[in-house]
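Please take a look at the structure first, then follow the points below.

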Amino acid sequence: MQHNESIRNIAIIAHVDHGKTTLVDAMFRLSGVFREGREFDERIMDSNDLERERGITISAKNCAVSWKGVKINILDTPGHSDFGGEVERALSMVDGAILLVDAAEGPLPQTRFVLKKTLEAGLRVLVAVNKIDRKDARPSEVLNEIYDLFIDLGANEEQIEFPVLYTVGREGLAVHSPEEAGKDLSPLLDAVLEEIPGPVHDPDEPFRMLVSDLDYSDYLGRLAVGKVRHGAVRAHDALVRIGADGIVRPAKIAGLQVYRGMRLEGVEEAPPGEIVVLSGMDEVSIGDTICTRDAPRALPRLRVDAPTVSMYFGINSSPLAGQEGKIVQSRKIRERLYRESLRNVAVQVRDSEDGESFVVMGRGEFQMAILIEQMRREGFELSVGRPKVILREENGTLLEPVEHLLADCEETFMGIVTEKLSQRKARMTGLINNGTGRVRLEFSVPSRGLIGFRDEFLTDTRGTGIMNSYFDGYEEYRGDFPVRFTGSLVADRPGRATAYAIYNLEPRGIMMVEPGNPIYEGLIVGEHNRDNDIDVNPTKEKKLTNLRAAGKDENIILTPVRPMTLERALQFVADDELAEVTPRSIRLRKAELGAQNRRRIIGKKKTASPGKGE
């Protein structure tokens, strides 16, 4: 086996908002990707609007810089465990990783998640303690926490002897100790060349490549992205593709490209270890092997963690369907969902029996919310149900997904946070109080207990709490608990919402509609103060008479309505409710719109289970 010393393939892994994408910007500036004096946006790797708005990386992206005659392929990975499929895909193409840790916050749950995947892949890790310019930075304590994390994750002797650098990604500085005055990122790029090995290949093996990612071009069609494991590949080679079924199929390459900075550049030949983009294969899937026709042998397919959450996706069947979106057909929704499952190995789609709806399975409710948000921005109208965890049964025992939760809050809020989580079958596993006024709580909590909890947590901690979690395997089912303690105010007729009706309904609960909003039967117009649903008339108008007297008319002042967000909608809806999502609106509704039909369904349930409700 030989190393290709002219190439380095690295992934940048970190917790959300620890500075991965900003660090890549600084690498671009230092390596000359941008010419002197050229202006460019910050976080240039966050290429779509959704990533820029939320300040997070959603999909793994490739780029390349050149340093001292060596090409460094860089993969910017997501830091959220809901996008774990992206991390696993990226790690299959690299030979080492830069672990970025905030100098004040230290290793957080997603740090553990991404590092665990990296160590399992046997990759060399270079640690960068970032943001050492923060006033609350504590680099020495954070480094000790990183060592503890490596030991806890079972790192071998070679992995635990990791090199450490201290960086300020925003300023483009890297030093070997916090006391040094840095000039630029040269020490970090030098460490990459010295510590991360070049890609390994067998010079006697013919060309083989594992497809780790897919993209699409309007001009070239489907693009297959992957690392050349052995041999070299040339443009227009006649190759074969080995799919999941093991069948060997012909695959002719129409084009061969590699990364130069942020752009793709056509080449005639790519050496072993290079990350390449092949075009011309319409049927290729993630995990397929592309190899020579003379020696077809498949590489091990990508393995990703199984999905833990499922959601109902269907057409928008409300009376307002088709008024705000361009794409409403179930066929189009199906095509879009299956296209997502091809590009994202962590997403699975299953057709329902009626053919009009689908079950989408993924890693978490946040991943689902991002997918729905992307679809509505593309012009889709659809209805979605409440996220549900995927249960398993082994040897007659019911198992459910469990997450490790880390909550950081002020000491005065510790009681309410612990009480709320204990109601959701959480078990406290750790408590750290450094005497600073804030405490760090650790819990083992069922995944279903966290659905809808984030907003409640922020309210209980007055917006000062921080919570993060990662998937921690399956455990025995911990029993039922109430999902919601409030009911819904449901409209009983169509029309337009009036200020008079909303004013008189406000004592009943928190309203979700404003005067003039369109109303239909079955639309949820508010959150009831009690735990039952009631039918109300939000379109009622004040009766007009010809009598007027001073002080007779009240000056109606309504409580401002909190804008409905997608995350809040998914957290609020009950099992018999849906979120109606369009490019312009997010509404909540009952799955069965007619009040009479809903009462009939409830009556049948009571009859089927006697004793309940007595």
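This is a predicted model, in which local features need pLDDT of at least 70, side-chain atom pairs count only at pLDDT 80 or more, and totals for chains, interfaces and linings use all residues. Residues are numbered from 1 along each chain as its sequence is written, and side-chain values use heavy atoms, with hydrogens and water left out. Helices (H or I, at least four residues) and strands (E, at least two) are DSSP runs, numbered from the N terminus.

**Strand β11 and its partners**

- Three residues separate β10 and β11, which form a hairpin, and V211 has G226 in β11 as its bridge partner.
- Strand β18 (residues 275-279) also runs antiparallel to β11, joined by five bridges, and L223 has S279 in β18 as its bridge partner.

**Positive phi in loops**

- Most residues other than glycine have a negative phi.
- K68, not a glycine, has a positive phi of about 55 degrees; K68 lies in the loop between β3 (61-67) and β4 (70-76).
- K68 counts as exposed (over 50%), because its relative accessibility is 60%.
- K425 has a positive phi as well, near 65 degrees, and lies in the loop between α10 (414-423) and β27 (427-433).

How values were computed. Two strands pair if DSSP finds at least two bridges between them. Buried means under 20% relative accessible area, exposed over 50%, partly exposed in between (1.4 Å probe, protein chains only).
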